[in-house]
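Keep the sequence and the 3D view open as you read.

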Amino acid sequence: MKTRIAILAAASAALFVSTADAKQLRIENKRDVALEQLIITAKAGETQKSFILAEKIDAGKVTTRSVPREHCLYDVKGVFADKSTLSADDMNLCAQHTIRLVK
């Protein structure tokens with residue numbers, strides 16, 4: 001099954017929490033299956049730090065998570081309840097307000 005990530009700039013400034021060390025990112029699961037994990041890996045420096053950005057987002061649901069501001073470029077990988085996966089390399093999460101997960 002082929003999947004893709006559509007990245008949309010949200011029009012509303014209400015999506016942001018103004019903190020020095022994190023930015024808010026809206027995650028929309030537009031698929032018909034639950035997201036088990038959304039993992040991001042920083043693409044800066046010699047070490048690549050990975051962490052789980054979101055877990056257990058039901059189909060059709062939306063959540064907001066904090067992304068560290070120390071890096072902008074990330075590889076993103078999603079794993080869904082039906083065992084399908086998606087991935088996107090070199091996403092600039094500093095410039096994005098929303099990640100929409102679609103088929």
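Q: Which residues is Ile40 in contact with, leaving aside its neighbours within four places in sequence?
A: In this predicted model, the partners of Ile40 are Lys49, Ser50, Phe51, Leu53, Val67, Tyr74, Asp75, Val76 and Leu93. Contact asks for heavy atoms within 4.5 Å, so each of these residues has an atom within that distance of Ile40.

Q: What makes Ile40 stand out in the largest nonpolar core?
A: That core has 20 residues, and Ile40 is among those that touch the most other members, together with Ile27, Leu38, Leu53, Val67, Leu93 and Leu101. Members must be buried, which means under 20% relative accessible area. Strand β3 (35–42) is one of the elements that give two or more residues to this core, and β3 gives the most, with four residues.

Q: Why are β4 and β7 called edge strands?
A: The open sheet runs in the order β4-β3-β6-β7, with antiparallel pairing. Strands β4 (50–57) and β7 (85–92) each pair on one side only. From one strand to the next, the twist averages 15 degrees.

Q: How do you know that β6 and β7 pair?
A: Pairing needs at least two bridges. Strand β6 (residues 73–80) and β7 have six, in the antiparallel sense, so they qualify. Leu73 stands opposite Asn92 in β7.

Notes. Residues numbered from 1 in each chain as written. Predicted model: local features only at pLDDT ≥ 70, side-chain atom pairs only at ≥ 80, totals over all residues. Heavy atoms only, no water. Axes fitted to C-alpha atoms, helices over the stretch in contact; angles between N-to-C directions. Core = buried A, V, L, I, M, F, W, Y, C linked by side-chain atoms within 4.5 Å. Buried < 20%, exposed > 50% of the residue type's maximum accessible area, 1.4 Å probe, protein only.
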